Amino acid sequence: MDYLLWKLLPLLALLVSFVAFFFLQDSYVAHLIQLKKPRREECSFHPYRHYWISSKRIVTPQGVISGSVEINEGKIASIVKGDSKQGNHMHQQVIDYRDAVVMPGLIDVHVHLDDPGRTEWEGFFTGTRAAAAGGVTTVVDMPLNNHPTTVSKDTLKLKLEAAKKKLHVDVGFWGGLVPENALNTSILEGLLSAGVLGVKSFMCPSGIDDFPMTTIDHIKEGLPVLAKYRRPLLVHAEIQLNSGHNLELKDDDDPRHYSTYLKTRPPSWEQAAIRELVGVTKDTGSGGRLEGAHIHIVHLSDSSASLDMIKEAKRRGDSISVETCSHYLAFSSEEIKDGDTRFKCSPPIRGASNGEKLWEALLEGDIDFLTSDHSPTVPELKLLDEGNFLKAWGGISSLQFDLPIAWSYGQKHGVTLEQLSLWWSKRPAKFAGLGSKGGIEVGKDADIVVWQPETEFVLDDKYPVFIKHPSISAYMGKKLSGQVLATFVRGNLVFKNGKHAPAACGVPILAK
């Protein structure tokens with residue numbers, strides 16, 4: 001027996017070596033495969049680079065069609081009606097969404113992601129996850145409330161560094177126009193050269209110490225530089241007409257009443273600012289001294305004299321545009337309950353009749369497009385328990401709900417899928433200079449949202465909400481319609497049936 005074992009030992013050793021060799025080889029090959037694994041498989045639930053999306057409702061510039069969209073290497077390669085894809089293309093990958101709506105991804109050009117410096121408020125990671133879950137494929141981040149604010153080339157670099165590996169959708173950046181860079185245009189030029197898509201200013205205190213307000217004189221100093229770069233100036237258009245915040249209040253005005261807060265920011269504040277701005281925009285038209293400059297009024301709330309002045313400036317050929325926000329169309333001051341500071345924002349939400357006029361202006365084209373002005377904070381600063389509207393932080397969180405809000409509240413106004421696409425995709429893309437985005441058109445980025453308009457849901461504790469602090473959103477508890485099923489960013493399926501792709505593969509967008 002011992003002799004037999006002695007004879008077999010060399011064979012056993014050879015067998016062990018043979019097995020070990022192949023085991024190690026397999027392990028090595030597996031390691032190589034892992035190393036060479038396409039990044040796309042981490043970025044997308046659908047790993048194919050060339051495929052088709054089919055639906056009976058595809059929103060295109062030519063209208064809503066039944067057909068298919070060909071996607072190749074992140075771009076829209078072709079669009080066909082009906083079953084034209086059949087035959088030659090049947091061997092390729094096809095995702096058939098049946099009667100779900102296939103629409104251009106939303107572009108929200110007014111978002112505060114608060115990164116770097118205040119990620120406890122939101123942050124790139126949570127904010128862009130919320131965007132992807134809502135069918136928003138591109139956001140443009142405001143230069144505040146992050147810290148430091150984005151007012152120079154160096155502070156933009158800090159923001160870009162903070163964004164690395166955190167973007168689930170594509171993100172552009174606004175810079176800030178403040179007295180320092182308005183009066184030292186080399187700083188402003190450095191900021192624009194570094195790639196911000198435009199700059200934002202406040203004509204009233206911003207509430208952020210390192211983002212001071214600008215006067216019309218500061219704006220006049222900055223506009224020639226913006227004209228040179230052909231980038232827009234976005235303006236928070238309110239001028240504080242009284243010397244003290246509570247000057248108009250009486251002793252018996254209760255700070256828990258929304259009407260008390262409403263008194264402190266009357267329409268006359270918006271009107272005063274816009275009156276000064278349209279005095280400048282007269283030089284921005286063709287052949288004007290400031291041709292190439294463009295002034296954009298953010299979050300218009302006043303639908304009376306403010307809107308009239310903007311309409312008149314447009315009629316005379318000024319380079320001016322205006323947005324309003326979801327909350328001004330969805331809510332009215334009459335329905336805001338005592339102490340519910342979730343609804344505090346500035347300019348404030350005004351009365352129901354004012355909101356109806358905003359809807360009319362949007363439908364008639366006098367308001368150019370919609371934004372969220374997603375402006376979160378930590379729950380403690382909203383003073384939800386105290387309910388003091390005068391002291392609570394202002395801002396409404398809604399980025400994830402842009403699409404269902406516009407659809408749900410627009411139904412009584414007969415809003416169409418084409419109008420949604422115009423307000424949330426085409427016009428914002430043009431305004432921000434995002435030429436490769438904003439439509440289901442050949443050659444554009446394959447930024448697409450797939451959603452079911454007829455599906456209703458309630459924003460309650462069971463609904464998956466991805467903004468950092470759902471409790472502070474004024475939309476929690478609301479019943480909406482329009483369920484997002486899938487979101488594609490440059491051809492990557494980044495969101496599907498309530499889940500995000502493993503990796504954050506959005507990219508920063510910089511102006512050239």
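A salt bridge here is a side-chain nitrogen of Lys or Arg within 4 Å of a carboxyl oxygen of Asp or Glu. Lys-311 sits in helix α10 (residues 305-315) and Asp-366 in the loop between α12 (352-364) and β14 (369-371), so the pair ties together parts that are 55 residues apart in sequence. Helices (H or I, at least four residues) and strands (E, at least two) are DSSP runs, numbered from the N terminus.

Before going further, a word on the model. It is predicted, so local features need pLDDT of at least 70 and side-chain atom pairs count only at pLDDT 80 or more, while totals for chains, interfaces and linings use all residues. Residues are numbered from 1 along each chain as its sequence is written, and side-chain values use heavy atoms, with hydrogens and water left out.

**Salt bridges**

By this rule the count comes to 21 salt bridges. Here are three of them:

| Lys-159 | Asp-141 | 2.8 Å |

Lys-159 and Asp-141 are both buried. Arg-289, at 65% relative accessibility, counts as exposed.

Now for the strands, where two of them pair if DSSP finds at least two bridges between them. Four strands make an open sheet in the order β6-β7-β8-β19, with parallel pairing. β6 (106-111) and β19 (508-509) are the edge strands with a single partner each, so one side of each has no neighbour in the sheet. β19 pairs with β8 (residues 170-173) in the parallel sense over two bridges, and Ile-509 in β19 is the bridge partner of Gly-172.

Helix α3 (residues 124-133) packs on this sheet and touches β7 (136-141) and β8, where contact means heavy atoms within 4.5 Å. The direction of α3 makes about 140° with that of β7; axes are lines fitted to C-alpha atoms, for helices over the stretch in contact, and angles run from 0 to 180 degrees between N-to-C directions.

Key: Buried < 20%, exposed > 50% of the residue type's maximum accessible area, 1.4 Å probe, protein only.
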